[in-house]
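User: Please take one part of this model and look at it closely, beginning with a pair of charged side chains and then moving on to the packing around the helices. Please give the cut-offs behind each term as you go.

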Amino acid sequence: LKNHGREIESPREMLLRVGQMAFTGVAENNIVFTDGDLIQYNLQPSHFLSGFLMELLEREDSARSVVYTFPHLTIQEFVAALAQFLTTDRGDIKTLLIEAHGMADGRFEVFLRFVTGLSSSWSTWI
């Protein structure tokens, strides 16, 4: 079986790509993702991915397609914040916080709270 196993991708790399997709969704007020979105972020449906996203069957006229969504917007915002926190250096995080805080419609409010919490000294202590 050693020669027949599939190469398992790094869960961290997959989490970061899911987080980038989640961040784009938060930025664009998008909570539903298509196969095209998964392809754009080099993601494929898997057991790991199903821990973050739900598959929904969408019907338009007679056509059926599968779309993906996070179980709750708050989970999408947390995954987006975690990915930004893990991939961005401290200076960029400060810039990100300033830019996101400047959005008048409040779409980044919960995201900002998550990033702030992840960035606090308490989170590194835990």
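Analyst: Arginine 113 pairs with glutamate 109 in a salt bridge, their closest N and O atoms lying 3.3 Å apart, where the term requires a side-chain nitrogen of Lys or Arg within 4 Å of a carboxyl oxygen of Asp or Glu. This is a predicted model, in which local features need pLDDT of at least 70 and side-chain atom pairs count only at pLDDT 80 or more, while totals for chains, interfaces and linings use all residues. Residues are numbered from 1 along each chain as its sequence is written, and side-chain values use heavy atoms, with hydrogens and water left out.

Both partners belong to helix H5, 4 residues apart, or about one turn of the helix; helices here are DSSP runs of H or I with at least four residues, numbered from the N terminus. Arginine 113 is exposed at 59% relative accessibility, whereas glutamate 109 is partly exposed at 45% (buried is under 20% relative accessible area, exposed over 50%, and partly exposed in between, with a 1.4 Å probe and protein chains only). The count of salt bridges comes to 2; aspartate 105 and arginine 107 also meet in one, at 2.6 Å from N to O, and aspartate 105 is partly exposed, with a relative accessible area of 47%.

Leucine 43 touches Met14, Arg17, Val18, Met21, Leu38 and Leu49, leaving aside residues up to four places away in sequence, a contact being heavy atoms within 4.5 Å. In H1 the buried residues include Met14, Arg17, Val18 and Met21, and what covers the buried residues of this helix includes H2, H3, H4 and H5. H1 has 17 residues and reaches 24 Å from its first C-alpha to its last, close to the 24 Å expected, where the expected span is 1.5 Å times one less than the number of residues. After H1 comes asparagine 29, whose phi is positive, near 55°.

Conventions: Helix = DSSP H or I, 4+ residues; strand = E, 2+ residues; numbered from the N terminus.
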